[in-house]
Amino acid sequence: MTEHDLTTPQLPRLTVYRQPESLGAAEDLDFALELLQRARSGRLGPSLRLYRPLPTVAFGQRDANLPGFEAAADACRRLGFEPLVRKAGGRAAAYHQGTLVIDHIEPHPDAIVQAKARFSQFGELLAGALRRVGVHAAVGEIAGEYCPGEFSVHGQSLDSPGHRIKLIGTAQRVVSGGWLFSSVIVVEDSAPIREVLTASYAALGLEWDPATAGAANDLLPGLDVKTVEDAVVEAYQSYGHIVDGDFRALLA
């Protein structure tokens with residue numbers, strides 16, 4: 001064994017499961033929580049689940065308690081989006097098959113440790129993945145964004161540096177024995193997302209700036225979800241030793 005072998009830390013094994021199609025809008029959200037339960041009980045090791053979801057608006061718990069929630073949900077259905085209430089905090093966020101959902105699940109004996117640091121760490125990792133494919137991306141909340149967060153990832157047009165759009169939202173669920181870190185990257189077809197968010201936020205009585213909603217290919221025409229997915233997996237190589245997993249095995 002060489003001196004390099006003794007001093008270089010071993011990266012953790014990280015199994016990547018590419019989900020070929022949505023299980024259903026609600027089922028996709030529920031399955032992430034099922035995987036978290038498996039991790040906390042020792043039945044699942046560090047894993048990434050990647051998939052393209054059906055059109056969904058995931059409302060936060062606070063949204064569901066507002067007087068306009070039912071009207072917002074009805075507006076989502078009229079526009080072809082399934083309204084759901086997620087376990088994590090935050091405000092309404094929309095996604096569809098032009099987006100990439102990343103569920104990062106890990107068992108951990110003290111999962112609350114470094115919980116906030118994960119937002120910064122994975123925000124920077126995902127911004128780096130977008131930069132890898134040519135999008136000018138950075139971490140940080142932008143004024144007026146939907147589902148605002150300190151560690152959102154935004155993109156910026158080189159032709160119009162003052163205009164920034166939100167590209168990635170992140171959320172985390174921590175339980176005894178494990179954590180789930182979920183990210184949604186909006187890659188393609190931003191118009192339906194902007195439309196359904198405008199209707200939803202109006203019904204809820206929440207202010208935001210629709211100009212902050214966009215997709216990565218608004219900034220880099222021709223960019224597609226597959227290219228971004230590959231860039232995300234490549235970026236995660238700095239975090240863990242990537243192993244391909246068979247998603248069907250998770251359903252067995």
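Helix 5 (residues 115–132) packs against helix 8 (residues 225–235) at an angle of about 130°, and their axes lie 8 Å apart. Axes are lines fitted to C-alpha atoms, for helices over the stretch in contact, and angles run from 0 to 180 degrees between N-to-C directions. Helices (H or I, at least four residues) and strands (E, at least two) are DSSP runs, numbered from the N terminus. The angle makes helix 5 oblique to helix 8, because under 35 degrees counts as roughly parallel, over 145 as roughly antiparallel, 65 to 115 as roughly perpendicular and the rest as oblique.

In this pair, L125, L126, A129, L130 and R132 of helix 5 meet V228, A231, V232, E234 and A235 of helix 8; contact means heavy atoms within 4.5 Å.

The model also has an open sheet of 8 strands with mixed pairing, in the order 7-8-9-10-6-2-1-11. Two strands pair if DSSP finds at least two bridges between them. Strand 7 (137–139) and strand 11 (241–245) are the edge strands, each pairing on one side only. Strand 7 runs antiparallel to strand 8 (residues 153–156), and 3 bridges join them. A137 stands opposite G155 in strand 8.

Helix 5 packs on this sheet too, touching strand 6 (99–107), strand 7, strand 8, strand 9 (164–175) and strand 10 (178–186). The direction of helix 5 makes about 140° with that of strand 9.

Residues are numbered from 1 along each chain as its sequence is written, and side-chain values use heavy atoms, with hydrogens and water left out. In this predicted model, local features need pLDDT of at least 70, side-chain atom pairs count only at pLDDT 80 or more, and totals for chains, interfaces and linings use all residues.
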